[in-house]
Amino acid sequence: MAGNRTLNKAKAAKQDEFYTQLTDIEKEMRHYKDFFNGKVVFCNCDDPFESNFFKYFAINFNSLSLKKLIATCYATSPIVYTKLNLFGTETVASTEETEKKPYKIEITEVTDENQDGRTDLADVEYLLRNRKNALTLLEGDGDFRSDECIELLKQSDIVVTNPPFSLFREYVAQLINYDKKFIIIGTINAIHYKEIFPLIKDNKLWIGYCNGAKTYEVASNYSGKISFEKNGTRYVKMGNTFWYTNVDIEKRHENLVLYKSYEPDEYIKYDNYDAIHIDKIASIPHDYYGDMGVPDGFLEQYNPEQFEIIGLGNGDLAKEIGITKNYRGRTDLAYTKDGKQKCPYSRIIVRRKVVENHED
Ligand SMILES: C[S@@+](CC[C@H](N)C(=O)[O-])C[C@H]1O[C@@H](n2cnc3c(N)ncnc32)[C@H](O)[C@@H]1O
């Protein structure tokens, strides 16, 4: 059994090895530009020579007016030291010394190092090659939970990365524990985790702008299913990722436009909880102030001034809000339609907030 667990862990770790494309990072980050002004950004699951997160912040260091950029890599990453595609050439990371250990990069300015009249990635490369203090070895393996990485976390204002999905719960717990801002990628399933959903409900974590990313690059020893290969690089498509953040974004204050009116005959009530079933977001009535079971996608448009999240409609967390056992003996929402009992696909229970003088 212990052997199985180790094997499963190793398998999960391998499945964590996929890399975010620059365009996906750019698409999300453009919504946070003002926030980055004067901030220390930490990419703590990011081999600086591979990660497009590091690349994005290095290229945009001046335009975002960053105070500092820190990136650390993890020892067991299969791409560490093997694939230095950030600068397209062999760089300091391949020196004998750095090959022994993972390292960190700390940048406090990007100037026109090579004096070609502009500041760009070539200057970052120059800086890393020539300024000894920009790149230093880590004592340990670069685990985000290690003391030295936690010290770097404490110095940071915001963490931006795509962390290992297999450690997502622990990863988020640490960020919350140290009271850090973050913009990170995780699977859509994470909203149902018993450690994550309460954070969403309590407005300590929410969904960012874009739908995570669709296509990720994978390492050559990736053991999962590959979607396609292009110019020798292998990619996987994942439709099920979200950006998760706790940065106050404009989207979070935009009301969901509701145009349907509540008609009792049109909305089914659940058999085991006092709420109406909402088949799709567009069906949420503008004039119903009781509980409603909405699809998970609701969270992408959730404005806490307009709605309150009551709980989850499935599993153990559903029990907490009083959803009783259904015809299958489980605490999942169920309704009866045309004499047949049915459990809807995953639902979140929400309620409209009553705003004085609200415009219906
Ligand atoms: C999903 S990949 C994403 C890599 C990179 N952030 C990106 O988006 O391209 C997650 C990364 O976290 C690294 N990692 C795994 N376990 C880690 C740990 N305990 N501490 C820090 N990094 C870890 C993996 O090696 C892997 O490179």
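Modeller: Here goes. Strand 3 and strand 4 (residues 103–107) run antiparallel, joined by four bridges. Strands count as paired if DSSP finds at least two bridges between them. Helices (H or I, at least four residues) and strands (E, at least two) are DSSP runs, numbered from the N terminus. This is a predicted model: local features need pLDDT of at least 70, side-chain atom pairs count only at pLDDT 80 or more, and totals for chains, interfaces and linings use all residues. Residues are numbered from 1 along each chain as its sequence is written.

Colleague: In which sense do strand 2 and strand 3 pair?

Modeller: Parallel, over four bridges, with strand 2 at residues 40–43. The chain goes from strand 2 through helix 4 to strand 3, a right-handed β-α-β crossover. Right-handed means that, with the strands pointing away from the viewer, the path from the first strand over the helix to the second runs clockwise.

Colleague: How many residues of helix 4 are buried?

Modeller: Seven of eight, across residues 52–59. Among them are Phe53, Phe54 and Phe57. Buried means 20 or more other C-beta atoms within 10 Å of the residue's own, with C-beta atoms placed from the backbone.

Colleague: Why is strand 3 largely enclosed?

Modeller: Because four of its five residues, 68–72, are buried.

Definitions and conventions. Buried ≥ 20, exposed ≤ 12 C-beta atoms within 10 Å, placed from the backbone.
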